[in-house]
Amino acid sequence: MAEEAPAAAPAKAPAKAPKKKSAPRAKQDGPSLPKLIVAAVAESKERKGMSLAALKKVLAGKGVDVSKANKRINTAVTKLVTKGTLSQTKGTGASGSFKLAKEPKAQRCRNARQV
């Protein structure tokens, strides 16, 4: 019987090139999302506040991609409520109706004296 040469060792896989980091995203021109939300609520003529659905329609009209920014819109609204910029007239969390919060009278008087 003829002797067979041992099979050659399988070729090593070529080394993977290190992944390149993507370029950092450029900052978006224009006002930030919370500023857009406050402006939209301020423009609203609704007496009982502006609903979240109506707010998203206004933001879509101003060029915000609502489907991509949905989570950021909800968190921005809840943060504005906790800060006291917006007041929630109906609902809980990010749902319901929102309007601009009134300044407490003590702060308005104090600010008037400083001027």
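**Exercise 1.** Work out whether K56 is buried or exposed, and which side chain of opposite charge is nearest.

*Solution.* Start with burial: K56 is buried, meaning under 20% relative accessible area with a 1.4 Å probe and protein chains only. Next, look for a partner: Lys and Arg count as positive, Asp and Glu as negative, while His and the chain ends are not counted. The nearest side chain of opposite charge is D65, 11 Å away. K56 has no salt bridge, which would need a side-chain nitrogen of Lys or Arg within 4 Å of a carboxyl oxygen of Asp or Glu.

A quick note on the model: it's predicted, so local features need pLDDT of at least 70 and side-chain atom pairs pLDDT 80 or more, while totals for chains, interfaces and linings use all residues. Residues are numbered from 1 along each chain as its sequence is written, and side-chain values use heavy atoms, leaving out hydrogens and water.

**Exercise 2.** Find which residues K56 is in contact with, leaving aside neighbours within four places in sequence.

*Solution.* Contact means heavy atoms within 4.5 Å. Going through the chain, you get V66, N70, I73 and N74.

**Exercise 3.** Describe the surroundings of L52.

*Solution.* First, burial: L52 has a relative accessible area of 12%, so L52 is buried. Then list the contacts beyond four places in sequence: N74, V77, A94, S95, G96 and F98. Finally, check G96: its C-alpha atom is 6.2 Å from that of L52, though the two are 44 residues apart along the chain.

Technical notes: Buried means under 20% relative accessible area, exposed over 50%, partly exposed in between (1.4 Å probe, protein chains only).
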